[in-house]
Amino acid sequence: MAAGVEIKDLSFSYGKGQTVLDRINLSAKPGEKIGIIGPSGAGKSTLLLHLNGILAGEGEVRIGDLKVHKKNLPEIRRQVGLLFQNPDDQLFNPTVEEDVVFGPRNFGIPAKEIEKRLYETLSKLRLTGFEKRVSHHLSLGEKKRVALSTVLVMNPEVIALDEPFSSLDPSMIEQLIKIINSLEATLFIVSQSIIPLVACCDRIAILSGGKILKTGVPLEIVRDGELLRACGLDMEYYFGICKKILDYQ
């Protein structure tokens, strides 16, 4: 099950400082996967934090028929799962198992269903046998996978992922792309890694200077070299390396 998302004229500033988001308009149909790329400081993480009400700017954000508003936050946070960029912001229980089951228990899901979801989710992310491991003793890549488990175990209708591919080895990136492609939820995925987004997103939006500069299908975005260079996201360097590898005899 998935919910559509509508972001209308969203603006946000931290205190009286510089505007971070400037009249953002972006929508997603139920089940659509939207990638968001842009230079550091563009406002990508800030945008995701508006989807479940952690931040509240001017404008409007709607999850399905519900407006993201203080009075609706319990239901909004049941529907929207958020993966933070830093997994240490998400993991606060002694063990992996306790971290992953915290959300389902908090929402009153029956114990048998929680156990089923726990082992299915850990298996998807190659974490079987990690149940009793101490979360904060894991590697950064392992922490990222545990943090993602805490999101997926809830079966949310909308999922916001902040840099999910960072600190993962290539085989785990491939596995994560397969997982993302199998999800029925609506997804917003922030990443500095453009190639994985091409493999799993229906559309990609370029966010720079607090504004959406362009939205399009992945190959259209990747081929707009002039715009990517203007945003510090030039792909020519990587294309050159790939060509050398393919031409190597």
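Okay, one definition before anything else: when I say buried, I mean under 20% relative accessible area, with exposed being over 50% and partly exposed sitting in between, using a 1.4 Å probe and protein chains only. Also, this is a predicted model, so local features need pLDDT of at least 70, side-chain atom pairs count only at pLDDT 80 or more, and totals for chains, interfaces and linings use all residues. Residues are numbered from 1 along each chain as its sequence is written, and side-chain values use heavy atoms, with hydrogens and water left out.

Let's start with helix H5. Helices here (H or I, at least four residues) and strands (E, at least two) are DSSP runs, numbered from the N terminus. H5 covers residues 140-152, which is 13 residues. From its first C-alpha to its last it reaches 18 Å, close to the 18 Å expected at 1.5 Å a residue; that expected span is 1.5 Å times one less than the number of residues.

The buried ones include Glu 142, Lys 143, Lys 144 and Arg 145, along with Val 146, Ala 147 and Leu 148.

Leu 152 is one of the buried residues in H5, with a relative accessibility of 11%. If we count contact as heavy atoms within 4.5 Å, and skip residues up to four places away in sequence, Leu 152 touches Thr 121, Leu 125, Ile 159, Ile 179 and Leu 183. There's also a C-alpha separation of 9.1 Å between Leu 152 and Val 100, which are 52 residues apart along the chain.

Next up, strand E8, residues 186-190. Five of its five residues are buried, so E8 is largely enclosed by the rest of the structure. Which residues point which way? Thr 186, Phe 188 and Val 190 go one way, Leu 187 and Ile 189 go the other, and all are buried.

On pairing: two strands pair if DSSP finds at least two bridges between them. E8 runs parallel to E7, with five bridges joining them, and Ala 160 has Phe 188 in E8 as its bridge partner. E8 also pairs in the parallel sense with strand E3 (residues 33-37), over four bridges. There, Gly 35 has Ile 189 of E8 as its bridge partner.

Then there's an open sheet of four strands, in the order E2-E1-E4-E5, and the pairing is antiparallel. The edge strands are E2 and E5 (66-67), each pairing on one side only. E5 pairs with E4 (residues 58-63) over two bridges, in the antiparallel sense, and Ile 63 stands opposite Leu 66 in E5.

Okay, charges. Side chains of opposite charge can pair when their charged atoms come close. The cut-off for a salt bridge here is a side-chain nitrogen of Lys or Arg within 4 Å of a carboxyl oxygen of Asp or Glu. How many salt bridges does a search of the whole structure find? It finds 13.

One of them is Arg 23 with Asp 9, where the closest N and O atoms are 3.5 Å apart. This pair links distant parts of the chain, 14 residues apart, with Arg 23 in strand E2 (residues 19-28) and Asp 9 in strand E1 (residues 5-13). Arg 23 counts as exposed at 55%, while Asp 9 is partly exposed at 34%.

Another is Arg 62 with Glu 60, at 3.8 Å, N to O. Arg 62 is partly exposed at 26%, and so is Glu 60, at 22%.

A further one joins Glu 220 and Lys 214, at 3.7 Å, N to O. Glu 220 has 37% relative accessibility, which counts as partly exposed. And there's a network too: Glu 75, Arg 78 and Glu 157 are joined by salt bridges that share partners.

Last thing, the surface. Tyr 237, Tyr 238, Ile 241 and Ile 245 make a nonpolar patch of about 470 Å², and Tyr 238 lies in helix H10 (residues 236-247). Patches take residues with over 30% relative accessible area and no salt bridge, joining like charges within 9 Å and nonpolar side chains (Val, Leu, Ile, Met, Phe, Trp, Tyr) within 5 Å. The areas come from the Shrake-Rupley method with a 1.4 Å probe, and for residues only the protein chains shown count as cover.
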